[in-house]
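Please look at the sequence and the structure first, and then follow the sections below.

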Amino acid sequence: MSEKKRKNRGSVYRNAVQLVAVGAVTGIFAGAVVTLYNLFASSGEEISRDIYAYIRQNPVFIPLLFVVLALGAFLLSAAVRLVPMIKGSGIPQTEGATRGIIRFRWYREAVAMFAASLLSIFMGLSAGSEGPSVEIGGACGDGVACMLRRNEMVRRYQVTGGACTGLAVAFNAPLTGMAFAFEEAHKRFTPEVFICAFSSVIMGLLTRTAIYAMLGKTPANSFASYVFYEMPVSVYGYVFLSAIVCGLFGVVFYHSVFLCKRLFGKISAPKPWLRDWMKILVAVVLGGIFSFVAVDVMGGGHGLIEGLGTHGGALEPSVSGLFGLPFVAALTVVLIMKFVITCVNMGAGVPCGAFIPMLAIGACIGALLSRGWIALGMDEKYADLLVMICMAAFFTTIVRAPITGIVMVCELTWSFAPLLPVVIGVSVGYFIGDISRTDGIYEKLLSLFEKENGIRERAQKEIFTISVKEGCIAEGRSVRNILWPAGAVVTEISRDGARILPDGDTVVHGGDILTVVCRTDRPEKVEEDLRDIAGDEKDKDEEPPEND
């Protein structure tokens, strides 16, 4: 083996060992914090259900309920105003942090999202814990990077590792968490992201298991009321039709969220803080009314989804009693309320999760459709799987993450037997979203967040010249397979005196000089990231050159 290859391999090994180590530390920290958060969230949801049940039996306390909701809305609006990064579910902002667009102040974001989202859950709103878990985990990853003094490149990996650990711990689905990191956060796969995400998720789940063991608890299996059977081809028609319906509902949901945002944007008030309070007040009061009417609207929707399972047709699906209405009518009311309040929460920017509420909406659609298909002759033992397929199709249409949807169903069912109908359902949902020209909802929300906080206005076009060193991460990879900072484009490569105009398949060699163009409001961080990728150590002890 040549000396050059030996050095390159040693550099790769050292980098991999570093990423495993920092990923493991990130997983322990993020896993501990997110586990505690979810334990509090679960207790908060139970307490709020008991409080609402008591008020239903004692209507004299209804005025007090709305006074508390108004005060809670004020506290939430104050938190969002002080820490804008916690607005909404937190997933779009976390994606921005993984790409280097947004910078966490990890202690502020973690504490503020922890407290604000718990307050939303304690008030009985339609609020999930998965979205906030992603941001809390990502902030923990950033915190570990700060404490270990990691460079900008490793920091982004750690934020990614913490974010997918947060989702994996909250949802009890490690593969779904990792798939979400690749497909949604970075929209590409690189070995470094995989190594850091894998080590973070493993250590995060081990940490969660240890905490549960110390508390004498065992992690609950997701949706244990579902039993799945392999579908024959004769049932695929029902799958196709159900996916079309879910896709259409997903498109309506997508546009409804941004319609709500536009409507809330028209609210005017003498003071900015009063305007912010009024926005969240509308969402909180409406959520309180819906939760008072139908208990299944409360919380993220785990209980609602669980109640729709039939153990493979052995039981009837159920929702909580709603004025004595039959199942189909009651579930239709719950579906409409859950759909409306989730759109309103996302439009108003209430700091609460929407990941599980979206899945719950898809599950309600699937349960209603399965009742219709059973009446038309479908065997009822396929109803559970159809609900899962509808969850994934609805999610995929909105988020535009088909691989995550497929992995999620396979992981929740613990079976690859239904893989083909799941792929069909998810593909139809994705296709409907595509022909409807909708972006992924988290991508669109991130874009709006950049605009609202002036990130795009502050961004300037910067040109960087970077030398590629032998043994660095970039050497030997095609341009498209390198995790560049967000918006960075390699416009020219100088190699042995020749000028190359690269495309995505152009392989980077040691000794190349790259010209990189990027619009950014933090050129020093982008330059640091580029130099870490290329192994370019020059100017580390000098004043950084100004870019034209």
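## Helices α6 and α7

Helices α6 and α7 cross in a right-handed manner; a crossing is right-handed if the near helix is turned clockwise from the far one by less than a right angle, and left-handed if anticlockwise. The model is predicted: local features need pLDDT of at least 70, side-chain atom pairs count only at pLDDT 80 or more, and totals for chains, interfaces and linings use all residues. Residues are numbered from 1 along each chain as its sequence is written, and side-chain values use heavy atoms, with hydrogens and water left out.

Helix α6 covers residues 152-171 and helix α7 residues 174-186; their axes come within 8 Å and cross at roughly 135 degrees. Helices (H or I, at least four residues) and strands (E, at least two) are DSSP runs, numbered from the N terminus. Axes are lines fitted to C-alpha atoms, for helices over the stretch in contact, and angles run from 0 to 180 degrees between N-to-C directions. The angle makes α6 oblique to α7; angles under 35 degrees count as roughly parallel, over 145 as roughly antiparallel, 65 to 115 as roughly perpendicular and the rest as oblique.

On the α6 side, T160, C164, L167 and A168 meet P174, T176, G177, M178, F180, A181 and H186 of α7, where contact means heavy atoms within 4.5 Å. This contact has seven nonpolar and four polar residues, and no charged ones. Ala, Val, Leu, Ile, Met, Phe, Trp, Tyr, Cys and Pro count as nonpolar, Asp, Glu, Lys and Arg as charged, and the others, Gly among them, as polar.

## Helices α4 and α5

Helix α4 (residues 106-122) packs with helix α5 (residues 130-148) at an angle of about 155 degrees, and their axes are 8 Å apart. The two helices are therefore roughly antiparallel to each other, and the crossing of α4 and α5 is left-handed.

From α4, the contact draws on W106, E109, A110, M113, F114 and S117, and from α5 on P132, E135, I136, A139, D142, G143 and C146. By class, the contact of α4 with α5 holds eight nonpolar, two polar and three charged residues.

## Helices α9 and α12

Helix α12 (residues 327-348) packs with α9 at an angle of about 45 degrees, the axes being 8 Å apart. Accordingly, α9 and α12 are oblique to each other, and their crossing is right-handed.

The residues of α9 in this contact are F249, V252, F253, S256, V257, C260, K261 and F264, which meet F339, T342, C343, V344, M346, G347 and A348 in α12. Eleven residues of the contact of α9 with α12 are nonpolar, three are polar and one is charged.

## The four-stranded sheet

Four strands form an open sheet in the order β1-β4-β2-β3, with antiparallel pairing; two strands pair if DSSP finds at least two bridges between them. Strands β1 (460-467) and β3 (498-500) are at the edges with a single partner strand each, so one side of each is left without a neighbour in the sheet. On average, neighbouring strands of this sheet are turned by 20 degrees against each other, direction ignored.

Strand β2 (residues 489-495) is joined to β3 by three antiparallel bridges. R495 has A498 in β3 as its bridge partner, and I493 stands opposite I500 in β3. The hairpin of β2 and β3 has two residues between the strands, and D496 there takes a positive phi near 50 degrees. Five bridges pair β2 with β4 in the antiparallel sense, and V489 stands opposite V517 in β4.

## Confidence of the model

The mean pLDDT of the protein is 87, and 94% of the residues score at least 70; pLDDT is the predictor's confidence in each residue, from 0 to 100. Among the elements of the protein, helix α9 (residues 236-265) has the highest mean pLDDT (95) and helix α18 (residues 455-458) the lowest (76). Over residues 539-548 pLDDT stays under 50, and the model has eleven contacts beyond four places in sequence for them.
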